[in-house]
Amino acid sequence: MNENIMVLSDGRQLGYSLYGDLEGIPLFLFHGTPGSRVWFTEDDPIAKELGICLIATDRPGYGLSDKKPRSKLLDYAQDMKELAKHLELGKFSVLGVSGGGAFAAAVTYALPNQIDLCMLVGTAAPFENGKPPTTMSKENRIGFYMTKYFPWLLKQLEKSKKKLIDQKPELYIENLKKGGSYLSDWDNKMLQREDVLEIGVLHSKEAYRQGVDGVLDESKLLTEYWGFKVEKLTRPVIVWHGEKDTFSSIIEVRNMANKIPYVETHYLEKAGHFLTESEEVWRSILTNFKESVFNS
């Protein structure tokens, strides 16, 4: 497995993986919630072909990265600043998927002089008054509700999920294949692909490597005020989002995007939440990134 570790100034470990062209244009990848630095079984041929270096990180409490007590969204910017220095990068871009979109926006806000471009893919949007929007699927809203009011129950559910992944991964895969009526057709079809399921298990297994506290802490963070308003982002932002996404509603994402000063949007009519799992869409996203960096 692609494993790299650096020690941050406060003594914590930060885990990351490198994919694509190691001498290429640097693009930091921020996983969803939960998630990990494991994005590919071996490498990403599309990034390598396009001359892009993908730097996928484990956020605190996930994979190889130590937990950071009382962490806030904006705290991650310092971690990424230190990682960039470790990798001898002056400037870089960020791409966040799902819950990772909040962290990509936070890093862009906090480090405007180092960020070339911010990409938000199937991103989360800020909650109003700490409540998930009614446009989000009921199943997802219940998860965030438990995060706030019944964290002990969510912890038990997450522990059961971890146990299943660790001890009976084949059963976990079968459960994923069943999909759900709350998912879009796009997402249910993605969950029938063996390659998506294979990397999904590796990705999730690494996410829960240390336990379940990472996802509990981060889920709570996503319900809170992000620490900044997207109206204050001063670097270019590109949004890619599926109009059939039931995890993060297109309505909320459009509203958010309309507030961002320098924004470009790509709304995919038939797509759901799992965008990076589509080779066609992933190639389009990375091509869009490369062209935008060169034109900025």
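I started with Leu-14, which I found in strand S2, residues 13-20; strands are DSSP runs of E with at least two residues, and helices are runs of H or I with at least four, both numbered from the N terminus. I am working with a predicted model, where local features need pLDDT of at least 70, side-chain atom pairs count only at pLDDT 80 or more, and totals for chains, interfaces and linings use all residues. Residues are numbered from 1 along each chain as its sequence is written, and side-chain values use heavy atoms, with hydrogens and water left out.

Is Leu-14 buried or exposed? I looked up its relative accessibility, and at 1% Leu-14 counts as buried (under 20% relative accessible area; exposed is over 50%, partly exposed in between; 1.4 Å probe, protein chains only).

Next I listed what Leu-14 touches, leaving out residues up to four places away in sequence: Asn-4, Ile-5, Met-6, Leu-8, Asp-58, Ser-65, Asp-79, Met-80 and Leu-83. A contact here means heavy atoms within 4.5 Å.

Then I stepped back to the whole chain. I noted 11 helices and eight strands. The radius of gyration is 18 Å, close to the 19 Å that the globule rule gives for 296 residues, so the chain is as compact as a globular protein of that length (C-alpha atoms; the rule is 2.2 Å times the number of residues to the power 0.38).

Last, I saw that buried residues make up 52% of the 296.
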